[in-house]
Amino acid sequence: MTAMTSTLETTPLYRICNPRSVAVFGASNRFSAMGTTQLTSLLELGYQGAVYPVHPNEATVLGRKAYPDVRDLPETPDLALIILPARIVAEVLEACGQRGIRHAIVVSGGFAELGNEEGRAFQAELVETAARHDIRFLGPNCIGVVNPHHRFNTTFFEYTCDPGFIGMVSQSGSFVTQMFDYLGRFGLGFSTGISVGNEANIDLVDGMEYMAACPNTRVIGLYIEAVRRGRAFVEAARAIVPDKPIVAFYAGGSEAGRKAGRSHTGALAGPDRLYEGVFRQAGVIRATSIEELFDFCWALGGSVRPKGEGAIIQTHSGGPGAAAADACGRAGVTLPGLSPATHERLASYVPGTGSVGNPVDVTFTKNPLDYFSTIPEILLDDPGAAGLLVYFLVPSRTVKRALEGMGVPDEQVDEQVLVLLAEQARSIASFRETKNKPVLGFSFRMREDRFIRELQDRGVPVLPSPERGGRAMAALMRYARYVDRLTSG
Amino acid sequence: MTETNVAAIIRPALDRGQEALSEYDSKKVLACYGIPVTREGLACNEAEAVSMAEETGYPVALKACSSQMLHKSEHGAVLLHLADSKAVREGYRLIAERATASIDGVLVQEMVSGNRELLLGLIRDPQFGPCVMLGIGGVFTEVLEDTAFRVAPLRHGDAEDMARELRASALLGVFRGQSAADLGTLSLSLEALGRIGMELDSVVEVDINPAIITPKGEIIAADALMVLRSEKPAQLRTPA
């Protein structure tokens with residue numbers, strides 16, 4: 001149970017993700033330099049700690065006072081951020097160690113990832129230097145971390161979304177930085193994103209343990225090409241999963257990795273099948289694409305854990321409901337029939353044109369607002385419903401006309417539309433607490449639509465298609481099964 | 001007790017530089033770990049083979065027993081459904097002729113009926129260490145590639161979960177008038193393979209192929225192969 005007993009402050013990544021002060025090696029006033037770009041990102045996000053550029057000749061770097069040598073710094077910083085040519089990194093790390101710095105991010109490439117002797121030698125030197133000074137470091141060959149809650153971003157890219165709840169540990173820096181804009185489109189964001197690079201000192205498993213302890217992280221996302229500490233991975237995941245879901249996208253399951261065993265078992269032990277087993281055993285939910293990784297993180301981080309199997313689909317349009325049902329079926333989510341009590345309660349709300357099967361297709365309701373309050377409430381009370389999947393389509397224009405029809409004065413209509421949409425979104429969002437069951441939405445409209453934005457901003461995951469909604473619901477059910485297995489026996 | 005028996009089988013094989021245990025020895029090790037295996041004996045002449053067959057009860061299977069022939073059936077060194085003493089005598093001669101490597105003798109084995117075949121195995125992965133596998137066995141093993149792996153040791157629920165993971169998991173249920181496979185035995189066997197992986201450093205790979213599911217649902221290892229580590233590990237050599 002190492003993961004759960006380690007507190008945030010004792011994890012090696014704590015001072016790397018939450019430094020009070022940073023020395024930056026490799027930033028200059030030359031705007032094409034990588035280090036300059038990274039320091040720019042750091043300053044742009046409004047980092048509150050002290051920043052000490054170290055530069056041999058510049059008096060200031062990007063307007064900050066620069067220091068010719070790490071020995072000249074006015075204090076011992078928590079972290080060294082190193083973006084320098086590979087051949088001088090160990091020497092700089094040595095100087096940092098002598099100065100008393102105990103944490104570093106080595107962004108530089110040119111180490112073991114080259115696959116040549118020189119690269120391996122540089123990396124070995126780095127590892128030895130760190131060991132000599134008790135330094136824990138991330139990288140080399142990584143883009144570092146982004147912790148928007150701490151306004152800390154060492155990557156090349158500007159962090160454009162809000163601080164979020166997805167804790168990402170990635171063996172590709174791209175799936176941290178290049179996802180900023182993507183997540184922003186759904187109103188999501190990272191709690192912390194960590195690029196682990198060559199994992200010479202801190203690896204994926206350390207990242208998982210940090211995220212497990214991180215209070216801003218509600219779900220852990222992993223991008224994996226190869227797990228280095230396989231058995232530690234399984235142990236850590238098993239300990240974390242009952243408290244926090246883990247979703248992984250594994251790329252690297254090529255048949256090239258297959259070892260020529262002498263047994264049939266050896267011949268069948270391709271990496272893809274092996275990782276499939278490892279993920280299931282460890283309770284890690286496997287996504288089949290990067291897109292799905294974030295869909296699952298969204299659903300899992302934004303929902304309570306279902307208590308059982310079976311979902312009800314609520315729709316007012318036949319096709320989207322049927323597509324969601326089809327997706328649920330393929331993904332292994334059962335769609336139970338409604339209980340007699342539910343039938344009885346629904347009768348006065350669903351017109352004869354509607355269908356009270358599952359999906360529940362209400363077509364047109366007498367009072368359109370029932371769709372956001374009474375109807376989902378009745379469905380969530382059904383004992384067969386472990387979760388609810390709702391189709392959302394609420395054009396603002398329709399709401400506006402309805403309000404005009406109700407005699408709302410023209411000059412108040414626009415404002416009243418917003419009030420009404422916010423109220424309905426609040427009603428849907430409240431079920432997570434009042435019914436203690438997950439509610440996922442799906443729609444073909446996203447944040448350009450006021451109502452969808454209202455829902456998402458109140459924490460309701462609204463996935464961008466029936467298929468993705470159905471698969472996300474399946475991920476919730478799978479998580480519940482994993483937790484049951486891991487906590488029994 | 002198990003440890004001594006197992007060491008008594010593996011140590012001499014390593015000392016002789018064997019790369020694998022014969023089927024007979026492999027099954028003895030599996031049996032020490034509680035995995036159900038076929039009843040069988042090792043015959044060194046025709047008369048012995050016949051008397052073992054009589055004792056086992058017809059029909060029987062005859063197989064060349066050798067640590068050097070890893071895939072016996074490809075060499076025509078496996079004869080099934082032998083119904084009487086005449087067939088056993090002829091079979092014995094045929095196998096002795098066909099043997100492509102030195103054999104320890106001919107294995108006289110009970111015929112286990114059942115058309116549902118599983119593959120249970122163990123591999124060692126450089127990152128994950130010993131890993132247990134359950135798959136659909138028999139002649140279509142490589143075609144179907146229907147497998148589930150778990151890192152050893154297995155915990156409560158892991159083995160049942162492996163069975164559920166197979167695409168053809170329905171084969172383990174009630175099937176064409178045959179009983180559902182005994183999941184208790186299956187779990188015990190998979191867990192035992194995990195223990196072999198954790199305890200026997202010199203065993204690098206194991207195949208139980210096939211493990212036959214009988215019409216009553218019993219699971220029995222009908223063939224087995226244990227691949228040994230080529231260099232002799234210190235802990236299994238006589239410490240004196």
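**View 1. The elements and overall dimensions of chain A.** In this predicted model, chain A contains 19 helices and 20 strands. Its radius of gyration is 26 Å, close to the 23 Å that the globule rule gives for 489 residues, so chain A is as compact as a globular protein of that length.

**View 2. The interior of chain A.** Of the 489 residues in chain A, 52% are buried. Where contacts in chain A have a separation of 6 or more, 74% of them are between residues 24 or more positions apart.

**View 3. The elements and overall dimensions of chain B.** Chain B is built with seven helices and 11 strands. Its radius of gyration is 18 Å, close to the 18 Å given by the globule rule for 240 residues, so chain B is as compact as a globular protein of that length. A box of roughly 55 × 50 × 35 Å, taken along the principal axes, is filled by the C-alpha atoms of chain B.

**View 4. The interior of chain B.** Buried residues account for 49% of the 240 residues in chain B. Among its contacts between residues at least 6 apart in sequence, 65% join residues at least 24 apart.

**View 5. Where chain B touches chain A.** Here 30 residues of chain B are in contact with 22 residues of chain A. The elements of chain B that give two or more residues to this side include strand E6 (116–125), strand E7 (129–136), helix H6 (158–165) and strand E9 (203–213). By class, the side of chain B that touches chain A has 13 nonpolar, nine polar and eight charged residues.

Definitions and conventions: Residues numbered from 1 in each chain as written. Chains lettered and ligands numbered in written order. Predicted model: local features only at pLDDT ≥ 70, side-chain atom pairs only at ≥ 80, totals over all residues. Helix = DSSP H or I, 4+ residues; strand = E, 2+ residues; numbered from the N terminus. Rg over C-alpha atoms; globule rule 2.2 N^0.38 Å. Buried ≥ 20, exposed ≤ 12 C-beta atoms within 10 Å, placed from the backbone. Contact = placed C-beta atoms within 7 Å. Nonpolar A, V, L, I, M, F, W, Y, C, P; charged D, E, K, R; others polar.
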